[in-house]
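Visitor: Could you walk me through this one, and tell me how you use your terms as we go?

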Amino acid sequence: MFEILKYRAMRLHKFKDFLFLSVRKEFKSRYTESALGTLWIMFEPMILVATMSIIFTLLGRHGPEGIAFPVFFYSGILPWNLFATCLTRGTQVFISDRALISKVNFPKEISVFKNQSVFLLDFLFASLTFVVILIIFHVTPNLFYLYLPALIFLQVLLGIGVMFVTATLNVFIRDVGILTRNLATVWFWFTPIIFDYPFSGNTKIIYYLNPMAGIVDGYRKIIIYNQAPIFETLWCALIASPILILIGYVLFIKKEGHFADAL
Amino acid sequence: MLSSEEVVIHFENVSKSYVENAHFSFFRNAFSRLKSLQFFGDVVLKEHIVLKNVNFKVKKGERVGVLGRNGVGKSTMLKLINGISLPSRGKISVNGSTGGVLELGAGFNPELSGRDNIFLAGTLHGHKIHDLNKFVSQIIEMAELENFIDVPIKKYSSGMRARLGFAVSITASPDIVLLDEALAVGDASFKEKSLHLMHQYLANKTVVFVSHSEQQIRNICDRVLYLNQGVLVFDGPVEEGLQKYAEDTKQLSAKPKIELVEHGSRRQLNETPKVLVNAVRLFSKGRPAGATSFRCDERISLELLLDLVEGFGELIIKVRFLRAVVGQISQTLSESRLVISEAELSSNVGIQLDFGNETLIPSNYEVEVEVSRSKQPDSAMTSKVRVPYSLKGPRDPAKLVGIIPEIGTLRMGLSFKVHKSIKVTASPLS
């Protein structure tokens with residue numbers, strides 16, 4: 001097992017320039033394809049937040065405990081979008097690299113890492129608009145912001161795990177892609193993005209079985225409440241990420257040899 | 001040298017089959033049951049066998065041709081060697097990096113410039129950006145794209161894209177080169193160049209070459225594997241393998257069908273033949289009929305033996321000279337037409353044409369003879385035979401096959417001298 005991992009790591013290392021260039025290609029081609037290019041990534045959540053803000057202001061609803069709704073909403077929708085992209089577009093990573101996989105023998109993990117990098121960069125770009133919103137609503141950064149990279153890293157791990165599992169399955173069973181798309185729609189409402197669900201006690205423990213609930217809660221604790229993220233909400237994400245990566249990677253290693261036949 | 005004995009590709013009892021729903025079969029079968037509303041009974045798995053118990057070894061530096069009709073598993077074999085696909089049974093060991101023109105242009109992105117694509121495709125083959133920096137100008141020059149290299153390749157013509165892909169592939173330089181038909185790309189002048197480069201490139205490399213073209217296999221390979229319905233039926237010298245392949249192919253196409261049978265063999269026609277080319281043979285002074293190799297300065301005679309049924313009116317004989325170039329459809333060099341009236345001939349005639357090849361360089365050529373009747377020359381009354389021949393020395397400095405300098409000024413020293421009404425007896429020519 002260790003030997004296999006070592007061999008794979010070496011091969012990945014050999015192709016790291018390809019990974020770098022593919023990510024750059026993604027941005028370059030996106031930049032040349034549409035007039036606004038990368039700016040769209042920033043505008044898209046803004047459109048949503050503007051719509052939501054108008055509707056919720058009309059309904060007379062604010063964020064919990066007097067927190068400005070845009071700040072509350074943005075701190076939930078950004079990490080959610082990162083996760084949802086992994087869940088939906090992530091299932092297609094091998095299928096969209098079909099032309100390469102059926103012709104060239106390269107480490108196919110790159111398809112996952114490449115896409116995760118692109119999703120992450122999109123997330124960081126979109127976060128720039130959040131910075132603007134934070135300034136508008138006078139939210140000042142604090143020391144707990146140093147937890148942010150760790151939280152983002154955790155989310156990246158979770159995304160990679162999800163992608164290895166779903167994308168590998170989706171090569172052979174295309175229904176998986178459709179399933180996860182529908183799952184994402186349902187999952188959205190079970191995550192505290194628009195509403196902060198007032199759970200307590202045992203129900204709270206069950207609620208935080210949703211790793212995204214814990215992650216969103218973590219972001220909010222840092223950005224809005226000037227607190228450190230807590231294990232009580234994050235435990236599921238902390239456990240699920242390595243397990244998903246393990247399962248996903250083993251599944252991937254077992255099946256990748258048949259990708260070219262199935263695609 | 002010991003290293004020349006080194007086995008670089010080893011297939012041991014390799015079988016490859018595709019089984020429908022082979023992976024995650026439980027779920028997939030459940031889904032297909034759901035879809036067809038068939039909840040009981042066994043699900044029959046369809047198995048499609050591509051390769052059966054294939055065994056062979058390729059030593060370092062060998063150039064192996066793979067013959068076989070469409071769909072016998074030739075390309076699958078390349079994919080197995082390349083590691084893109086895995087064998088269902090058996091063991092494959094490959095020692096060295098693999099690659100080739102198999103993936104011409106793979107990894108290209110239409111939105112990016114030619115230069116960016118060079119790096120992208122180069123790194124896809126495991127090269128470092130740092131190393132590619134050294135080769136990039138060489139690639140651009142080779143592809144003749146100096147003026148377009150910073151233009152997105154979606155604006156390229158297909159030829160330009162192919163040239164770029166070719167140049168990148170050649171520069172990628174793996175230990176074992178896998179070729180799937182495509183040997184030369186681009187327009188006529190670039191084809192010359194790419195062939196030239198290809199021959200340089202293939203020198204001292206291990207090559208596995210899939211092709212339907214006997215000429216190409218002859219030019220490149222020193223051994224052939226012949227696959228028939230997934231079974232390796234022949235592994236040995238080129239000529240022997242080609243012969244076996246030709247025999248099998250002939251058997252398959254023996255049914256009356258308008259099809260060209262190469263190499264001067266008799267052509268079968270539909271129903272009652274009005275004109276039939278019985279045989280075409282080449283000879284010269286000092287060489288017997290049926291010779292295929294001549295000197296450039298030699299005058300070659302073409303003997304044409306026809307079977308005729310009366311009432312054909314006039315016979316139109318078209319003689320076409322083609323250059324057989326590796327990796328492409330033969331290119332017509334010159335064409336001549338000759339009309340002979342019925343009165344001048346009687347049935348079962350031989351016609352002799354003389355021609356010279358002074359303007360040609362040593363290479364492989366083909367002469368095609370097409371005979372048709374002037375009245376209603378539909379295809380059933382047209383008979384066509386192609387005979388390959390090669391020219392050797394005295395102009396031999398160009399070691400490369402099939403390269404003709406100054407393609408524009410090429411002329412064929414062809415003059416017909418028809419020896420009409422040669423009665424041919426039952427015995428073979430000459």
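Visitor: What sort of model is it, and how are things numbered?

Guide: This is a predicted model, in which local features need pLDDT of at least 70 and side-chain atom pairs count only at pLDDT 80 or more, while totals for chains, interfaces and linings use all residues. Residues are numbered from 1 along each chain as its sequence is written, and chains are lettered from A and ligands numbered from 1 in the order in which they are written.

Visitor: How many residues has α3(A), and how far does it reach?

Guide: Helix α3(A) covers residues 39-58, which is 20 residues, and reaches 29 Å from its first C-alpha to its last, close to the 28 Å expected at 1.5 Å a residue. Helices here are DSSP runs (H or I, at least four residues), numbered from the N terminus, and the expected span is 1.5 Å times one less than the number of residues.

Visitor: Which of its residues are buried?

Guide: They are Ile41(A), Pro45(A) and Val49(A), where buried means that 20 or more other C-beta atoms, placed from the backbone, lie within 10 Å of the residue's own, and exposed means 12 or fewer. These residues are on the same side of α3(A), because they cover an arc of only 45 degrees around the axis, taken from the directions from the helix axis to the C-beta atoms.

Visitor: And what is exposed on the other side?

Guide: Ile47(A), Ala50(A), Thr51(A), Ile54(A), Ile55(A) and Leu58(A) are exposed there.

Visitor: Moving to chain B, how do α4(B) and α5(B) cross?

Guide: The axes of α4(B), residues 129-143, and α5(B), residues 158-172, come within 8 Å and cross at roughly 135 degrees, with axes fitted to C-alpha atoms over the stretch in contact and angles running from 0 to 180 degrees between N-to-C directions.

Visitor: Is α5(B) mostly covered or mostly open?

Guide: Mostly covered, since 13 of the 15 residues of α5(B) are buried.

Definitions and conventions: Helices (H or I, at least four residues) and strands (E, at least two) are DSSP runs, numbered from the N terminus.
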